[in-house]
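I opened this notebook to keep track of what I looked up, one topic at a time. The entries follow the order in which I went through the model.

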Amino acid sequence: MEIKTGTGWREAADWLGTCRGTVFLLGRTDTGKSTLARYLVYELLRKGKSVALVDGDVGQSILAIPGTIAMKAFSISDDLKMPEPDSIFFVGTANPVKRIGLVIEGMSRMVAAARRRKVHTVIVDTTGLVDGGLGRTLKFAEINAVRPDAIIALQMHEELEHILARVCVDATRVFRFRPSVHIRKRRGGTRKVYRRRKIKEYFRDAETIHIRLGGLELRYGKELISLKDFDMPRGTLLGLNRGDMTVSIGLFEKVQDHNSLCVRARPAKGPLRIDRVLIGDPAC
């Protein structure tokens with residue numbers, strides 16, 4: 001696996017190899033957070049350390065599809081060949097501003113799931129929303145929920161200092177690196193193409209399933225809704241949940257006979273036992 005590294009990346013990997021804990025990646029869009037995350041996973045596995053990746057970038061997810069926060073634990077290098085996440089939390093939108101509360105909840109739940117694996121290191125990748133009041137609020141809340149042992153800040157100048165100045169405490173090691181010169185900036189259109197491709201790949205082998213509405217809880221964000229009062233277009237992303245746990249992702253097709261949802265979903269290994277459906281944005 002060849003990754004073109006940035007300045008300081010090996011220093012961070014060496015430190016993480018000797019210090020057990022959680023590292024939080026912070027930076028604007030196109031600063032190389034996801035590339036750094038992959039590098040750290042690879043280097044820690046090479047050092048014989050177990051590691052879990054929490055992919056909190058709801059817009060440009062590498063583990064799952066847009067609109068989700070996912071977690072995968074790795075113990076050997078062969079695990080890198082199987083990118084399927086171990087756990088998924090459905091947020092329902094690629095725009096974190098629309099559902100900040102769910103982003104925070106999902107981040108907290110996925111980090112907790114990673115820590116239950118007793119891995120040496122938990123790596124938390126995040127969105128590029130760091131500017132202004134919204135970015136500061138989101139990152140404060142995420143860092144407070146995660147309580148990382150280290151933060152790696154990728155910044156060109158001092159654009160992250162308004163966040164770091166408030167979260168730097170004695171118990172948190174902070175690395176400040178400039179973005180790698182090898183990182184290519186993606187235009188908005190490129191990001192949309194990436195999201196479409198990820199969704200298309202996820203649903204490639206999907207089949208139509210029927211979910212009975214009787215006893216089913218429907219939520220839009222955190223709000224309970226009734227389908228008769230809600231206009232849901234075909235192709236809307238759905239989180240298929242058992243309680244708070246997302247067990248699959250679906251694409252809405254239609255309501256059939258007023259008593260069941262027709263949904264495109266990947267084949268399940270066993271009964272889904274869905275009791276909650278979370279309604280997201282239309283698939284882009």
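**Ground rules.** I am working with a predicted model, in which local features need pLDDT of at least 70 and side-chain atom pairs count only at pLDDT 80 or more, while totals for chains, interfaces and linings use all residues. Residues are numbered from 1 along each chain as its sequence is written, and side-chain values use heavy atoms, with hydrogens and water left out.

**The second largest pocket.** I looked up its volume, which is about 780 Å³. A pocket here is an open set of points on a 1 Å grid over the protein atoms alone, where a 1.4 Å probe fits, with protein on both sides within 12 Å along at least five of seven lines, and lining residues have an atom within 4 Å of a point. The volume is the space filled by probe spheres set on the points, which are joined across faces, edges and corners. I found 25 residues in the lining, with Asp86, Ile88, Thr246, Val247 and Ser248 nearest the centre. Two or more lining residues come from each of strand 4 (87–90), helix 3 (100–116) and strand 12 (245–256), and strand 12 gives the most, with 5 residues. Helices (H or I, at least four residues) and strands (E, at least two) are DSSP runs numbered from the N terminus. By type, the lining divides into 13 nonpolar, 4 polar and 8 charged residues, where Ala, Val, Leu, Ile, Met, Phe, Trp, Tyr, Cys and Pro count as nonpolar, Asp, Glu, Lys and Arg as charged, and the others, Gly among them, as polar.

**Strand 1.** I then checked residues 21–27 and noted that 7 of the 7 residues in strand 1 are buried, a word that means under 20% relative accessible area with a 1.4 Å probe and protein chains only. Strand 1 pairs in the parallel sense with strand 5 (residues 121–125) over 4 bridges, and with strand 6 (residues 150–154), also parallel, over 5 bridges; pairing requires that DSSP finds at least two bridges. Gly21 stands opposite Thr121 in strand 5, and Leu26 has Ala153 of strand 6 as its bridge partner.

**Rings.** I counted 5 aromatic pairs, taking rings of Phe, Tyr and Trp (its six-membered ring) whose centres lie within 6.5 Å, with planes under 30 degrees apart called stacked, over 60 edge-to-face and the rest tilted. How are the rings of Trp9 and Tyr39 arranged? Their centres are 5.7 Å apart and their planes stand at 45 degrees, so the pair is tilted. Trp9 lies in helix 1 (residues 9–18) and Tyr39 in helix 2 (residues 33–46), so this pair ties together parts that are 30 residues apart in sequence. The rings of Tyr202 and Phe203 have centres 4.9 Å apart and planes at 80 degrees, so I noted them as edge-to-face; both residues are buried. Trp15, Phe175 and Phe177 form one aromatic cluster.

I also looked for charges over rings, which need NZ of Lys or CZ of Arg within 6 Å of the ring centre and within 35 degrees of the ring normal. Lys72 lies over the face of Phe74 at 5.6 Å from the ring centre, and the charged end of Arg99 sits over the ring of Tyr220, 4.7 Å from its centre.

**Two single residues.** Ile279 lies in strand 14 (residues 276–282) and is buried at 1% relative accessible area. Met232 is in the loop between strand 10 (223–224) and strand 11 (236–242), and it is buried at 9%.

Technical notes. Buried < 20%, exposed > 50% of the residue type's maximum accessible area, 1.4 Å probe, protein only.
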